[in-house]
Amino acid sequence: MTSPKSKTTQTMKPETAAKKLGVLLSATPAEFQEGVVSRDELNELQTTPPAWLTDLRRNGPHPKQVVAAKLGVSISGLLRAGITEPITTAEIEALKAENPAWLERERSVQAETRKEALRLKERDS
């Protein structure tokens, strides 16, 4: 007979939790940056986000994966355009309004990439 195992709490580094929450670690409160986050705490943050998390998600600064998604381009496309630092929602909206040539080009590249991935997926099904 085997003895029952005690349930251990899963924890993660603040960097991992911030990435899962879609926020920039350096913009989070110090107590978040300095601690560890349990799976239960992460779930709680996702279901009932505190004011600081809601504000970060709304206004930024945003990490590159969020910026890329909001602009409809790849992370590589951001880098090709020279966007290497986190930017705010206001800056993202300004870029969308300006719609520079690089943004149009990267959006079309992203659309083609998605279309090709879908074609390959359908072919393999």
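Trainee: Which residue does R119 form a salt bridge with?
Mentor: R119 pairs with E116, and their closest N and O atoms are 2.6 Å apart. Keep in mind that this is a predicted model.

Trainee: Where do R119 and E116 lie?
Mentor: Both are in helix 8, three residues apart, which is about one turn of the helix.

Trainee: And why do side chains like that pair up?
Mentor: Side chains of opposite charge can pair when their charged atoms come close.

Trainee: Are R119 and E116 buried, partly exposed or exposed?
Mentor: R119 has 40% relative accessibility, so it counts as partly exposed. E116 is at 35%, so it is partly exposed as well.

Trainee: How many salt bridges does the structure hold?
Mentor: Five. One of them joins K115 to E112, with the closest N and O atoms 3.4 Å apart.

Trainee: How far apart are K115 and E112 along helix 8?
Mentor: They are three residues apart in helix 8, which covers residues 101-124, so about one helical turn separates them.

Trainee: What about exposure for that pair?
Mentor: K115 counts as exposed because its relative accessibility is 53%. E112 has a relative accessible area of 47%, so it is partly exposed. The cut-off for exposed is over 50%.

Trainee: What does R123 form a salt bridge with?
Mentor: With D124, where the closest N and O atoms are 3.5 Å apart. Both R123 and D124 are exposed.

Trainee: Changing topic. At what angle do helix 5 and helix 7 pack?
Mentor: About 35°, with the axes 10 Å apart. Helix 5 runs over residues 64-71 and helix 7 over residues 89-98. Their crossing is right-handed.

Trainee: Which residues make the contact?
Mentor: From helix 5 there are V67, K70 and L71, and from helix 7 there are I92, L95 and K96. By type, the contact of helix 5 with helix 7 has four nonpolar residues, two charged and no polar.

Trainee: What about the loops? Where is P61?
Mentor: P61 sits in the loop between helix 4 (51-59) and helix 5. The peptide bond from G60 to P61 is cis, with omega near 5°.

Trainee: And what is phi of N99 near?
Mentor: It is near 45°, a positive value in a residue other than glycine. N99 is in the loop between helix 7 and helix 8. Its relative accessibility is 27%, so N99 counts as partly exposed.

Trainee: Next, T28. Where is T28 found?
Mentor: In the loop that links helix 1 (14-21) to helix 2 (30-34).

Trainee: Buried or exposed?
Mentor: T28 is at 5% relative accessibility, so it counts as buried. The cut-off for buried is under 20%.

Trainee: What does the side chain of T28 reach?
Mentor: The backbone oxygen of L25, at 2.6 Å. If you leave aside neighbours within four places in sequence, T28 is in contact with V23, Q33, W52 and L56.

Trainee: Last one. Which helix holds I75?
Mentor: Helix 6, residues 75-80. I75 has 33% relative accessibility, so it counts as partly exposed.

Trainee: What does I75 touch?
Mentor: K64, Q65 and A68, not counting residues up to four places away in sequence.

Trainee: And how far is I75 from P50?
Mentor: I75 and P50 are 25 residues apart in sequence, and 28 Å apart in space from C-alpha to C-alpha.

Note on methods: Residues numbered from 1 in each chain as written. Predicted model: local features only at pLDDT ≥ 70, side-chain atom pairs only at ≥ 80, totals over all residues. Heavy atoms only, no water. Helix = DSSP H or I, 4+ residues; strand = E, 2+ residues; numbered from the N terminus. Buried < 20%, exposed > 50% of the residue type's maximum accessible area, 1.4 Å probe, protein only. Polar contact = N/O pair within 3.5 Å; in protein donor to acceptor, adjacent residues only side chain to side chain. Contact = heavy atoms within 4.5 Å. Salt bridge = Lys/Arg side-chain N within 4 Å of Asp/Glu carboxyl O. Axes fitted to C-alpha atoms, helices over the stretch in contact; angles between N-to-C directions. Left-handed = near helix turned anticlockwise from the far one by under 90°. Nonpolar A, V, L, I, M, F, W, Y, C, P; charged D, E, K, R; others polar.
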